[in-house]
Amino acid sequence: MSTPAWRLVVVLLGLALLGSSLGVIYGKQEARNRFNELQRLTSERDELDIEWGQLQLEQSTWATNGRVESVARDDLHMVIPQATDLRIVQP
């Protein structure tokens, strides 16, 4: 091969090396960005899990039999019927 042909091969290999280097840099940066996003989403998931547990606890507190009976008696003015007020209906 002549000297100009070698120069062309060297330039092409240099451009290929530069392109490959830029591809590696881009890939690394993309991996970092995705890892940071994963960490953020994991943290958000953990916070939502904590909130979900708190909401379940709150719901179970509001739904206790004593609480329901208290609200029915105090807020809705409901009373337990006397035995004389009950009627049994036969099918």
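Is valine 11 buried, partly exposed or exposed, and what is its relative accessibility? In this predicted model, valine 11 has a relative accessibility of 48% and therefore counts as partly exposed, since exposed residues are those over 50% and buried residues those under 20%. The residue lies in helix H1, which covers residues 3-62.

Leu8 and Val11 contribute to a nonpolar surface patch of about 700 Å², together with Leu12, Leu15, Leu18, Leu22 and Ile25. A further view of valine 11 comes from its distance to glutamate 44: the two are separated by 33 residues in sequence, and their C-alpha atoms are 49 Å apart in space.

Turning to the protein as a whole, the model contains two helices and zero strands. Its radius of gyration is 37 Å, whereas the globule rule gives 12 Å for 91 residues, so the protein is more spread out than a compact globule. Along the principal axes, the C-alpha atoms occupy a box of roughly 120 × 35 × 15 Å.

Surface and charge complete the description. Of the 91 residues, 1% are buried. The accessible surface amounts to about 8,700 Å², and carbon and sulfur atoms account for 63% of this area. The protein carries 9 positive and 12 negative charges, and the mean positions of the two sets lie 15 Å apart.

Note on methods. Residues are numbered from 1 along each chain as its sequence is written. This is a predicted model: local features need pLDDT of at least 70, side-chain atom pairs count only at pLDDT 80 or more; totals for chains, interfaces and linings use all residues. Side-chain values use heavy atoms; hydrogens and water are left out. Helices (H or I, at least four residues) and strands (E, at least two) are DSSP runs, numbered from the N terminus. The radius of gyration is taken over C-alpha atoms; the globule rule is 2.2 Å times the number of residues to the power 0.38. Buried means under 20% relative accessible area, exposed over 50%, partly exposed in between (1.4 Å probe, protein chains only). Accessible areas come from the Shrake-Rupley method with a 1.4 Å probe; for residues, only the protein chains shown count as cover. Lys and Arg count as positive and Asp and Glu as negative; His and the chain ends are not counted. The place of a charge is taken as NZ of Lys, CZ of Arg, CG of Asp or CD of Glu. Patches are made of residues with over 30% relative accessible area and no salt bridge: like charges are joined within 9 Å, nonpolar side chains (Val, Leu, Ile, Met, Phe, Trp, Tyr) within 5 Å. A salt bridge is a side-chain nitrogen of Lys or Arg within 4 Å of a carboxyl oxygen of Asp or Glu.
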